[in-house]
Amino acid sequence: MPSYTVKPSELANAFDRAALFMAANKPRKMYTMDAALRYAVGHDLRVFYACRNVIRKSLGTSTTAEWLIANGVPEPEVRGMNGFRNVRAWKLLWMQKLADQFARASARSDKPYPFTYPF
């Protein structure tokens, strides 16, 4: 499997920019994390795949809504149109948290993380 490296500062920048795009005034274009990340990193697939890998490892095999329900969020707050808005807000907060996490990691050491392509 091909491998690549990404610095924590690059991940922090990508998650921060993606959070900004998700928080924009036109949310219909950026309601998924993938869409916001793709817009945030542009053509740098190395950083995009690393961000997606971080998210997928956190979620495992479940969707964001299923993960939230499994971690104590009541199901009515996750399903339906109100649930759609709530999940979108939680995704935005999660991306901001990931940006902070990788910013702190890059402040300690900006040593690259190794990843492998998911395909």
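Q: What does a relative accessibility of 36% make Gly42?

A: Relative accessible area is read with a 1.4 Å probe on protein chains only: under 20% is buried, over 50% is exposed, and anything in between is partly exposed. At 36%, Gly42 counts as partly exposed.

Q: What kind of model is this, and how are its residues numbered?

A: This is a predicted model, in which local features need pLDDT of at least 70 and side-chain atom pairs count only at pLDDT 80 or more, while totals for chains, interfaces and linings use all residues. Residues are numbered from 1 along each chain as its sequence is written, and side-chain values use heavy atoms, with hydrogens and water left out.

Q: Where does Gly42 lie?

A: Helices (H or I, at least four residues) and strands (E, at least two) are DSSP runs, numbered from the N terminus. Gly42 is in the loop between H2 and H3. Its C-alpha atom is separated by 25 Å from that of Val87, which is 45 residues away along the chain.

Q: How many salt bridges does the structure hold?

A: A salt bridge is a side-chain nitrogen of Lys or Arg within 4 Å of a carboxyl oxygen of Asp or Glu. There are four of them in this structure.

Q: Which residue forms a salt bridge with Glu10?

A: The partner is Arg46, with the closest N and O atoms 3.0 Å apart. Arg46 belongs to helix H3 (residues 45–59) and Glu10 to helix H1 (residues 8–22), so the pair ties together parts that are 36 residues apart in sequence. Arg46 is partly exposed at 26%, and Glu10 is partly exposed at 24%. Arg46 also forms a salt bridge with Asp44, where the closest N and O atoms are 3.4 Å apart. Asp44 has a relative accessible area of 28% and is partly exposed.

Q: What does Asp34 pair with?

A: Asp34 forms a salt bridge with Arg52, the closest N and O atoms being 3.9 Å apart. This pair links distant parts of the chain, with Asp34 in helix H2 (residues 33–41) and Arg52 in helix H3, 18 residues apart. Asp34 is partly exposed at 34%, whereas Arg52 is buried at 16%.

Q: Where on H1 do its buried residues fall?

A: An α-helix has 3.6 residues a turn, so residues three or four places apart point the same way. The buried residues of H1 include Leu11, Ala14, Phe15, Ala18 and Met22. Seen down the axis of H1, the buried residues fall within an arc of 165° (taken over the directions from the helix axis to the C-beta atoms), so they line one face of the helix. Among the elements that cover them are H2, H3 and helix H5 (80–108).

Q: Which residues have the most contacts inside the largest nonpolar core?

A: A nonpolar core is a set of buried Ala, Val, Leu, Ile, Met, Phe, Trp, Tyr and Cys residues joined through side-chain atoms within 4.5 Å. The largest one has 29 residues, and Phe15, Leu37, Ile55 and Met95 have the most contacts inside it. E1, H1, H2, H3 and H5 each give two or more residues to this core. H3 provides its largest share, eight residues.

Q: What does Phe15 touch?

A: Contact means heavy atoms within 4.5 Å. Not counting residues up to four places away in sequence, Phe15 touches several residues, including Leu37, Ile55, Met95 and Phe102. A second, separate core of five residues includes Ala65, Leu68, Val73 and Val87.
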